[in-house]
Amino acid sequence: MSGREWFIERYHAMGSTLTGNETTSQAIRVNPHKVTDTELVQTLTEQGVQLEKIPFLDHGYKVKSSPFSLGATIEYLLGFYSLQETASQYPMQVLAPTSSDLVLDMASAPGGKTTQASAYMQNKGTIVAIDVNRERLYATENNVERCGVTNASIHHIDALDLPEKPGFTKVLLDAPCSGNYVTDPNWFNKRAQQDIIRNVEQQKRLLAKACALLKPGGTLVYSTCSLEPEENELNIQWLLDNYTIELAPLSGPGSPALKEINNTILHEQVAYCRRFWPEQTGSQGFFVARVVKK
Amino acid sequence: MRLLRRFLRDIGSSYVPDEVVNINNKRFTSPIDPPINIPQQIYTGYYLGQNRRRFEPSSILLQRLAQESSIHKVYVDRDTAWLFVVGKDVFDENIIGKTDGVRLGGYCLVMYGDDCIGYGRYETSLDRRVVKNLYDIGDFLRREQE
């Protein structure tokens, strides 16, 4: 089963009113290692860039218009900001690592969230950033250098090959997923239900590994840029059923996650997670869960 | 270590990094010790730069060197800074400020305000005095295109 109509009908059955034509503005995230929000906004505004603060993000700004590419400015090269989609700035804000944390970024490429973690940690503590894709890790290395990060260790390794030792106080699993149509105009033509099923199996393996790597009392933030409940609410239900974890409530952007899927009532804590419907948030589709290991 | 030491000497820095780690021809200091044993490390801690034909300093190292008052610096405006980061040399007439001691044949950092955007050698080229571009932070864009 696939196709635009099938997906949109499915989303409408979940309560969304999306049309399938939603888009999102380019967004930037200020790097507080290097510059204050006020300084950067002033500098870019003087050059004709129109920015609008994203109310639910600490350092996120929507780009209303720009006379030039924001990926090729002196300020970008100096690491004053990163290009990072609105919703994808949210998971690390939820994880909120501090300078005393041992953080694992399980699917780190291209490194936007790794540099964001370092900013929260004031370049102290430890970030281990891994990815299975060597080509995409070059971007992680570049971003980490550009943003002045000095507290990261980057490894080219499949997260599933990590030794199962609970060494981390915080883990981000921004999982490989089916994606969504907002950032990919051909998405509806490329995706089918089989892709979702395949991704779910991988996501469960990664979730299990994340739990094994987390110290008791530690926090896992699980996120996807998928709108499919199998990759989101149902994965979290599976985690609750199989691991000694609990969910922490999230407030802020998006809607509470779904409570019922295909006539199956989910654990009440699943609704603590947040789901970003594009027509409501003006961002891409997204899902975020905050999991605490007991 | 040899190329790194030579670069630091040429630029006039007193910085001596301790515990320099070599990963794939890249040099790091203050390496990070992961809480569990993880193989296949490609980057750790404070990135100093990499050996190519000459030592190419990281932007992290350049920003550190920019804090050293003894290192020679030339200052440029925005337009010249942009030309520099796309690989051009800086003509003498486009330099808006210089620290004392910038001399022909010597190395200097190229500064845009308080930020270092690369370094070069002050020399004569076709009867014009220029800061010959030896490395600039536009390298990030060039790497993205590779």
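Two strands are taken to pair if DSSP finds at least two bridges between them. In this predicted model, strand S2 (50-53) of chain A meets that condition with strand S3 (residues 60-65) of chain A: four bridges join the two strands, which run antiparallel. Within this pairing, A:Glu52 stands opposite A:Lys62 of S3(A).

The pair belongs to an open sheet of chain A. Four strands form this sheet, in the order S2-S3-S1-S4. The pairing is antiparallel. Strands S2 (50-53) and S4 (81-83) of chain A are the edge strands, each pairing on one side only. From one strand to the next, the twist averages 35°. Helix H2 (residues 37-46) of chain A packs on the sheet. This helix touches strand S1 (27-30) as well as S2, S3 and S4 of chain A. The direction of H2(A) makes about 135° with that of S1(A).

Chain A also contacts chain B. The contact takes 37 residues from chain A and 34 residues from chain B. About 3,100 Å² is buried between the two chains, and carbon and sulfur atoms give 66% of that area. Three residues of chain A stand out: A:Ile74, A:Leu77 and A:Glu145 supply 24% of the area that chain A buries against chain B, more than any other three residues.

The rule finds 14 residue pairs in polar contact, with both residues at pLDDT 80 or more. Three salt bridges are found between chain A and chain B. One of them links A:Glu75 with B:Arg78, where the closest N and O atoms are 2.8 Å apart.

Four elements of chain A each supply at least two residues of the side that touches chain B: helix H3 (74-77), strand S6 (126-131), helix H6 (134-146) and strand S7 (152-156). H6(A) gives the most, with seven residues. By residue type, the side of chain A that touches chain B divides into 18 nonpolar, twelve polar and seven charged residues.

Strand pairing also crosses from one chain to the other. S7(A) pairs with strand S3 (residues 41-44) of chain B in the antiparallel sense, over three bridges. In this pairing, A:Ile154 has B:Tyr43 of S3(B) as its bridge partner.

Technical notes
Residues are numbered from 1 along each chain as its sequence is written. Chains are lettered from A and ligands numbered from 1 in the order in which they are written. This is a predicted model: local features need pLDDT of at least 70, side-chain atom pairs count only at pLDDT 80 or more; totals for chains, interfaces and linings use all residues. Side-chain values use heavy atoms; hydrogens and water are left out. Contact means heavy atoms within 4.5 Å. Buried area is the accessible area (1.4 Å probe) that two parts lose on being put together, summed over both. A salt bridge is a side-chain nitrogen of Lys or Arg within 4 Å of a carboxyl oxygen of Asp or Glu. A polar contact is a pair of N or O atoms within 3.5 Å; within protein, one must be able to donate a hydrogen and the other to accept it, and residues adjacent in sequence count only if both atoms are side-chain atoms. Ala, Val, Leu, Ile, Met, Phe, Trp, Tyr, Cys and Pro count as nonpolar, Asp, Glu, Lys and Arg as charged, and the others, Gly among them, as polar. Axes are lines fitted to C-alpha atoms, for helices over the stretch in contact, and angles run from 0 to 180 degrees between N-to-C directions.
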